[in-house]
Amino acid sequence: MSGILTHLLSTHRLDTHLEVSSKKRLFEEIAERIQHDYPEITARSTFNRLLAREKLGSTGLGQGIAIPHARLEGAPEIIGVFFTLSQGIEFDAPDDQNVDLVFALLVPENEEQEHLTTLATLAGLFQNPNFCRDIRAARTAEALLKALKTWEANT
């Protein structure tokens, strides 16, 4: 994988039409996927950090999009997880729409600039309705990755 976003992902941390019933269940799924690829990072620590960050204010952007993110002690690099959800979930987004596109980021405690650059890149992509349409249309993790790579190459 190449590109600022795709290098943060693994095939295990990509999924389409994931079925989760709540924000907490989503965070558990994100945490489990990260622990699979980074066994030194416990699912509990990831879940707790995501939940604590969310309590400071919703990471829902509106239009069905959320970018949950948190700093995580022991993270060796910025780690991404990208899901489309089978049904939108309540996320306290500013427009009160349920979220069905989720790109989660876990960032090392001391990482500043790359974190901000990554968030800005994500926010820019998600502002494009054609990008969101293409991502929502992906039926497999491979198709999701292909769409993301295509958009990154053209941005």
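Student: What makes Phe82 count as buried?

Tutor: Phe82 has 0% relative accessibility, and therefore counts as buried, a term for under 20% relative accessible area, with over 50% being exposed and the range in between partly exposed (1.4 Å probe, protein chains only). The model is predicted, so local features need pLDDT of at least 70 and side-chain atom pairs count only at pLDDT 80 or more, while totals for chains, interfaces and linings use all residues. Residues are numbered from 1 along each chain as its sequence is written, and side-chain values use heavy atoms, leaving out hydrogens and water.

Student: How many aromatic pairs does the rule give?

Tutor: The count is five aromatic pairs, where rings of Phe, Tyr and Trp (its six-membered ring) pair if their centres lie within 6.5 Å, and planes under 30 degrees apart are stacked, over 60 edge-to-face and the rest tilted.

Student: Why is the pair of Phe82 and Phe126 called edge-to-face?

Tutor: Their ring centres are 6.1 Å apart and their planes stand at 75 degrees, so the pair is edge-to-face.

Student: What makes Phe126 count as buried?

Tutor: Phe126 has 3% relative accessibility, and therefore counts as buried.

Student: Why is the pair of Phe126 and Phe131 called edge-to-face?

Tutor: The centres of these two rings, Phe126 and Phe131, lie 5.4 Å apart with planes at 70 degrees, so this pair is edge-to-face.

Student: Which residues form one aromatic cluster?

Tutor: The cluster is formed by Phe82, Phe103, Phe126, Phe131 and Trp151.
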